[in-house]
Amino acid sequence: PSGIWIHINGTKLTSLRQMADGYGRYKNVLKFLTRVVEEGPPLPPMAFYVSVTDTPCNPHLPYLTFFLKRGMKQLVIPDDTFHGVNWETMRTNLQEASSKIPYESRINDLFFRGSPTHGTRQNISVTLKACCPRFGNVTLAVMEKFKHLQVPLKEHAMHKHVLAIRGRTASSRDKYLNLLNSTIVRAEEYEPWFQFYHVLWKPWHNYVPLTTDTLPCIVKMLQDPANEEKLKRIAARGAEVGKYLTQQKVDDLMRKILLRYAAMQQYTVDEDPIYFLKRFGHFVKKRYKNAQVMPDDRAPVKFMFSRWISRRIKQMLSCRYNGTYVENSTQKLAYNSPYKCWY
C-alpha cells in the first residue's frame, strides 16, 4: 500500500512506482538507495519492492522492509533515517553530548518519553508509577500534539538508564540510545520486532533485558549502588555498538543485501526498465487481465493493474524521448513533474 517499486541496473536506479506515506519515508529511502547504487560498483539487473510502512502488507512476500519479526519472509534493511549526512551528524552530536556528562554525575532514574503507540509502553508506565514513582521517569503522550513534553535526544544523556520500548512494531529510536553512553534497559516480548542492528544487542552484555513481570526486580537492581560499576560497563559496551555503526558500514550492508537479493531472483530482469515493464505488462494482461488493486486507509485509490502498467510505460517513454507527457491531448506535464513523471 505504501512503498517504492524499484529497478536497478549497474549504477542506475529507476522508480517504477511509488506510493506516498504520511511521513515522507519513501523520499529518504529513494535518496539513500540512489546514493548506494551510484557511488558503488555496478549491480546486476534487479527489481524489488520496498515497504515504508510500520506493519507488513503481506508477511509471506520477499520484499524489503525496515522492521521484521521471526518467521516473516521479508529482508530487513536500514530504515529511512540512514540516508547520508543526517545519520553521521546525529552520531557526532550525540557522542559529543554524552562525552561531556560523566556516568557518575547523571540522574539516577529510568527515563522514557514517547507516544502511547503500544500496550507494552502503557503497561510499563503504569507498573513503574505503582512500584517506584520516584525512580521511574516515564511520560506517554502524543508528542506531535504535546510538543512541550518532548525531550531532545541530547538531553537523554543526562540520565543513567534509558528505556527502549517498541512502538507499533520496532522502535527507530534504539540506534540513537547506543550513542548516549547510558545503560539501555530494553523491554522485551515473546515475539519481538527488530531491526538489522539488533543482532549486535546481547542481553546483560550491552543492555539490560526487561519484562513487565521482572520490572520490580530490575528496578531494584538498577537502584542498588553496588551494581553501578557493572551497569557502567554495560553502558560502555552499548556505546561501542553506536561507534561501530558508521554510515560506511550501513552502506556496505545495503549493498550486500541488494547483491543477495539479485542472486535470489528466479526470473530475468531486463537491463532497460521500460522493456522490463513491457514484459511484465504482457504477463499481467495474460494472467491477471481484470486484477484490481483495492483501496485501503493508506492507498485510497482503486486501479486496474494492467492499465496502470500500460500508462506507466507511456509516461516513461515520453519522459525519455520527448520530455513531456500528453494526457487527453490537452494537458502537458513537464519532465520533472512530481505528479506524473518521476522516471
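Author: A pocket is an open set of grid points with protein on both sides within 12 Å along at least five of seven lines, and its lining residues have an atom within 4 Å of a point. The model discussed here is predicted.

Reader: Which residues lie nearest the centre of the second largest pocket, and how many line it?

Author: The lining has 28 residues, and Ser115, Arg121, Glu144, Ser172 and Arg173 lie nearest the centre. Two elements, β7 (107–114) and α4 (153–156), each give two or more residues to that lining. The volume of this pocket is about 1100 Å³.

Reader: What makes up the lining by class?

Author: There are 10 nonpolar, 10 polar and 8 charged residues.

Reader: How do you know that the span of helix α3 agrees with its number of residues?

Author: Helix α3 covers residues 119–131, which is 13 residues, so at 1.5 Å a residue it should span 18 Å. Its end C-alpha atoms are 18 Å apart, and therefore the two values agree.

Reader: Which residues of α3 are buried, and what do they pack against?

Author: Thr120, Arg121, Ile124, Ser125, Thr127 and Leu128 are buried. The buried residues of α3 pack against strands β7, β8, β9, β10 and β12 and against helix α6.

Reader: Why is Val269 called buried?

Author: Buried means under 20% relative accessible area. Val269 has 8%, so Val269 is buried.

Reader: Where is Val269 found, and which residues is Val269 in contact with beyond its neighbours within four places in sequence?

Author: Val269 is in the loop between α8 and α9. Its contacts, those neighbours aside, are His7, Pro45, Met46, Ala47, Phe276 and Arg279. Ala47 is 222 residues from Val269 along the chain, yet their C-alpha atoms are separated by 6.9 Å.

Technical notes:
Residues numbered from 1 in each chain as written. Predicted model: local features only at pLDDT ≥ 70, side-chain atom pairs only at ≥ 80, totals over all residues. Heavy atoms only, no water. 1 Å grid on protein atoms, 1.4 Å probe; cavity = no way out; pocket = protein on both sides within 12 Å on 5 of 7 lines; lining within 4 Å. Points joined across faces, edges and corners; volume = space filled by probe spheres on them. Helix = DSSP H or I, 4+ residues; strand = E, 2+ residues; numbered from the N terminus. Nonpolar A, V, L, I, M, F, W, Y, C, P; charged D, E, K, R; others polar. Expected span 1.5 Å × (residues − 1). Buried < 20%, exposed > 50% of the residue type's maximum accessible area, 1.4 Å probe, protein only. Contact = heavy atoms within 4.5 Å.
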